[in-house]
Amino acid sequence: MELNGHLALITGAGQGIGQACAEVLASKGADLILIDKNPETLSQVSDKLSKTARHIISCELDLTDEKRLREIVEELKHKAFIDILINNAGYDRPGTTDKIDTKRFLEVLHIHLVVPLTLIQLLLPAMRSAGWGRIVNVSSIYGLIGGKGEVAYSTAKAGVIGLTNSVAKEAGTDGVTVNAVLPGLTRTPTIENFMAEKYKLPIIENTPLGRMGEAAEVANLIAFLASDEASFITGTAIPVTGGWGI
Ligand SMILES: NC(=O)c1ccc[n+]([C@@H]2O[C@H](COP(=O)([O-])OP(=O)(O)OC[C@H]3O[C@@H](n4cnc5c(N)ncnc54)[C@H](O)[C@@H]3O)[C@@H](O)[C@H]2O)c1
């Protein structure tokens, strides 16, 4: 599997699964556009990878600033053909159905659905014209099974699967594949720093492989879906959960 000659835009590339995607794709030879709102982590990732990837552009950007997002991506796409899009950036706003307020609910829908839709609208036309493109959307196993106290997040991640399948149907005959990956509990800085052990342990107990996943294990699947080897795979929602959810 190699990605020489491809240019991938990865959102939320400053840490966690997005950083792992940047590392794996760079190791396969892809050039990268890395977007994150955190300038420190973004420059750390970019500095580290500049030794391996041929070309890296890093953009500090809050993806929910739609005007700025459109301006930056319009500018980038006129310089080079972006043929791989990895919609990874996301965050959780926990809350049960009776307590979550509309503002928090919409924040979660925005980052997981409006941002990917905007990026797809910006980048898909050139992929279709070229007859080749790869879009990988990071959903979650909660998008299939739901999560107690996670109504906004689970709803958004289920929406990611609907978005994925709809775009897959629209773009398939033009050689563009669109897939979703559904991580289970995955070790990233946010999970390590903000999720209490009492919430992690029951998940691990219900995971047949008996442990948390590593970000690279999700990134390996994403890199495969972004490659030529995955040429007949589209409209899928593939769990990377160690079996949690079966
Ligand atoms: N880690 C898990 O257990 C897990 C499980 C299922 C799904 N996921 C999904 O995987 C994706 C990555 O998760 P993670 O755990 O690596 O997250 P993380 O919080 O560790 O990293 C997310 C990155 O996205 C960036 N980001 C967030 N909002 C942004 C914005 N508005 N503009 C620009 N950058 C922004 C952050 O700065 C951060 O660098 C998310 O979509 C998440 O929902 C994670």
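Two strands are taken to pair if DSSP finds at least two bridges between them. Helices (H or I, at least four residues) and strands (E, at least two) are DSSP runs, numbered from the N terminus. The structure discussed here is a predicted model, in which local features need pLDDT of at least 70 and side-chain atom pairs count only at pLDDT 80 or more, whereas totals for chains, interfaces and linings use all residues. Residues are numbered from 1 along each chain as its sequence is written, and side-chain values use heavy atoms, with hydrogens and water left out.

## Strands S4 and S5

Within S5, Arg134 is the bridge partner of Ile84. Strand S4 covers residues 84-87, and four bridges join S4 to S5 (residues 133-138), the two running parallel. Leu85 stands opposite Ile135 of S5. From S4 the chain crosses through helix H4 (residues 102-130) to S5, and this β-α-β crossover is right-handed; the term applies if, with the strands pointing away from the viewer, the path from the first strand over the helix to the second runs clockwise.

S4 also pairs with S1 (residues 7-11), in the parallel sense and over three bridges. In that pairing, Ile84 of S4 is the bridge partner of Ala8. S5 in turn pairs with S6 (residues 176-183), again in the parallel sense, over six bridges, and Val176 in S6 is the bridge partner of Gly133.

Burial is classed by relative accessible area: buried is under 20%, exposed over 50%, and partly exposed in between (1.4 Å probe, protein chains only). In S4, Ile84 and Ile86 point one way while Leu85 and Asn87 point the other way, and all are buried. Six of the six residues of S5 are buried, so S5 is largely enclosed by the rest of the structure. Gly133, Ile135 and Asn137 lie on one side of S5, with Arg134, Val136 and Val138 on the other.

## Helix H3

Helix H3 comprises the 14 residues 66-79, which at 1.5 Å a residue should span 20 Å; its end C-alpha atoms are 20 Å apart, which agrees. The expected span is 1.5 Å times one less than the number of residues in the helix. Leu69, Ile72, Val73 and Leu76 of H3 are buried. They cover an arc of only 95° around the axis, which puts them on the same side of H3; the arc is that of the directions from the helix axis to the C-beta atoms. The face turned away from this buried side carries the exposed residues Lys67, Glu75 and His78. Among the elements that cover the buried residues of H3 are S1, S2 (31-36), S3 (56-60) and H4.

## Nonpolar cores

A nonpolar core is a set of buried Ala, Val, Leu, Ile, Met, Phe, Trp, Tyr and Cys residues joined through side-chain atoms within 4.5 Å. In soluble globular proteins, nonpolar side chains tend to be buried together. The largest core here has 33 residues, of which Leu25, Leu32, Leu34 and Ile222 touch the most other members. At least two residues of this core come from each of S1, H1 (16-27), S2, H2 (39-49), S4, S5 and H9 (215-225). Contact means heavy atoms within 4.5 Å. Apart from its neighbours within four places in sequence, Leu25 is in contact with Leu3, Ala8, Ala30, Leu32, Ile84, Ile86 and Ala223. A second, separate core of 29 residues includes Ala89, Ile111, Leu122 and Val178.

## Selected residues

Val136 is found in S5, Asp92 in the loop between S4 and H4, and Pro239 in S9 (residues 237-240). At 1% relative accessibility, Val136 counts as buried. Asp92 is partly exposed, with a relative accessible area of 30%, and Pro239 counts as partly exposed at 41% relative accessibility.

The table gives separations between C-alpha atoms.

| Residue pair | Apart in sequence | C-alpha to C-alpha |
|---|---|---|
| Val136 and Leu85 | 51 residues | 6.3 Å |
| Asp92 and Ile111 | 19 residues | 9.7 Å |
| Pro239 and Leu144 | 95 residues | 9.5 Å |
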